[in-house]
Amino acid sequence: MQATAYTYDPQTRSGQVLLDDGTPVPFDAAAFDAGGLRLLRPGQRVRIETEGSADAPRVTLVTLHTF
(Lines give C-alpha, C1' and ligand atoms only; values in the text may rest on other atoms or scores of the structure.)
Protein backbone atom coordinates (compact mmCIF):
# COMPACT_ATOMS: atom_id res chain seq x y z
CA MET A 1 0.00 0.00 0.00
CA GLN A 2 1.24 3.52 -0.70
CA ALA A 3 1.01 6.58 1.51
CA THR A 4 2.62 9.97 2.04
CA ALA A 5 4.85 10.77 5.01
CA TYR A 6 3.00 13.28 7.17
CA THR A 7 5.02 13.60 10.38
CA TYR A 8 8.26 12.09 11.64
CA ASP A 9 10.10 12.49 14.95
CA PRO A 10 13.75 11.42 14.62
CA GLN A 11 14.11 11.10 18.40
CA THR A 12 11.39 8.45 18.71
CA ARG A 13 11.60 7.24 15.08
CA SER A 14 7.81 7.39 14.92
CA GLY A 15 5.25 9.49 13.10
CA GLN A 16 2.24 9.38 10.82
CA VAL A 17 1.54 8.69 7.18
CA LEU A 18 -1.46 9.86 5.18
CA LEU A 19 -3.32 7.29 3.16
CA ASP A 20 -4.50 8.37 -0.29
CA ASP A 21 -7.95 9.14 1.15
CA GLY A 22 -6.35 11.56 3.65
CA THR A 23 -6.61 9.29 6.68
CA PRO A 24 -3.66 9.70 9.06
CA VAL A 25 -2.20 6.42 10.33
CA PRO A 26 0.51 6.36 13.00
CA PHE A 27 3.63 4.22 12.86
CA ASP A 28 6.04 3.32 15.63
CA ALA A 29 9.82 2.87 15.78
CA ALA A 30 9.54 -0.86 15.04
CA ALA A 31 7.76 -0.16 11.73
CA PHE A 32 10.29 2.54 10.82
CA ASP A 33 13.27 0.32 11.71
CA ALA A 34 11.83 -2.60 9.70
CA GLY A 35 12.13 -0.52 6.54
CA GLY A 36 15.82 0.23 7.03
CA LEU A 37 15.37 3.98 6.62
CA ARG A 38 17.58 6.61 8.26
CA LEU A 39 15.33 9.64 7.82
CA LEU A 40 11.87 10.48 6.60
CA ARG A 41 10.71 13.87 5.37
CA PRO A 42 7.09 15.03 5.24
CA GLY A 43 5.76 14.74 1.71
CA GLN A 44 7.87 11.73 0.73
CA ARG A 45 5.97 8.94 -0.95
CA VAL A 46 6.31 5.72 1.03
CA ARG A 47 5.24 2.11 0.84
CA ILE A 48 3.67 0.68 3.97
CA GLU A 49 2.56 -2.72 5.11
CA THR A 50 -0.25 -2.98 7.62
CA GLU A 51 -2.02 -5.56 9.69
CA GLY A 52 -5.33 -5.51 11.50
CA SER A 53 -8.70 -4.25 10.38
CA ALA A 54 -9.31 -1.61 7.74
CA ASP A 55 -10.91 0.57 10.44
CA ALA A 56 -7.78 0.49 12.62
CA PRO A 57 -4.74 -0.55 10.60
CA ARG A 58 -1.39 -0.96 12.32
CA VAL A 59 1.65 -0.07 10.22
CA THR A 60 4.31 -2.79 10.40
CA LEU A 61 6.72 -1.46 7.74
CA VAL A 62 7.59 1.94 6.28
CA THR A 63 9.97 2.18 3.34
CA LEU A 64 10.50 4.49 0.40
CA HIS A 65 8.27 3.95 -2.61
CA THR A 66 10.23 3.19 -5.74
CA PHE A 67 8.82 3.10 -9.24
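In what order do the five strands of the open sheet lie? Colour the strands of this predicted model and read across: the order is 3-2-1-4-5, and the pairing is antiparallel.

Go to the edges next. Strand 3 and strand 5 stand there, each with a single partner strand, so one side of each has no neighbour in the sheet. Then look at the twist, which averages 45° from one strand to the next.

Select strand 1 and strand 2 (residues 14–18). They run antiparallel and are joined by five bridges. Pick Thr4, and you will find Leu18 of strand 2 opposite.

Stay on strand 1 and select Tyr8. Is Tyr8 buried or exposed? Its relative accessible area is 16%, which is under the 20% limit, so Tyr8 counts as buried. Show its contacts beyond four places in sequence: Arg13, Ser14, Gly15, Phe27, Phe32, Arg38, Leu39 and Leu40. Draw a line from Tyr8 to Phe32: C-alpha to C-alpha they are 9.8 Å apart, although 24 residues separate them in sequence.

Now for the core. The largest nonpolar core has 15 residues. Select Val17, Phe27, Leu40, Val46, Ile48, Val59 and Val62, which touch the most other members. Two or more residues each come from strand 1 (2–9), strand 3 (24–27), helix 1 (29–34), strand 4 (45–51) and strand 5 (58–64). Strand 1 gives the largest share, three residues.

Conventions:
Residues numbered from 1 in each chain as written. Predicted model: local features only at pLDDT ≥ 70, side-chain atom pairs only at ≥ 80, totals over all residues. Heavy atoms only, no water. Core = buried A, V, L, I, M, F, W, Y, C linked by side-chain atoms within 4.5 Å. Buried < 20%, exposed > 50% of the residue type's maximum accessible area, 1.4 Å probe, protein only. Helix = DSSP H or I, 4+ residues; strand = E, 2+ residues; numbered from the N terminus. Pairing = 2+ DSSP bridges. Axes fitted to C-alpha atoms, helices over the stretch in contact; angles between N-to-C directions. Contact = heavy atoms within 4.5 Å.
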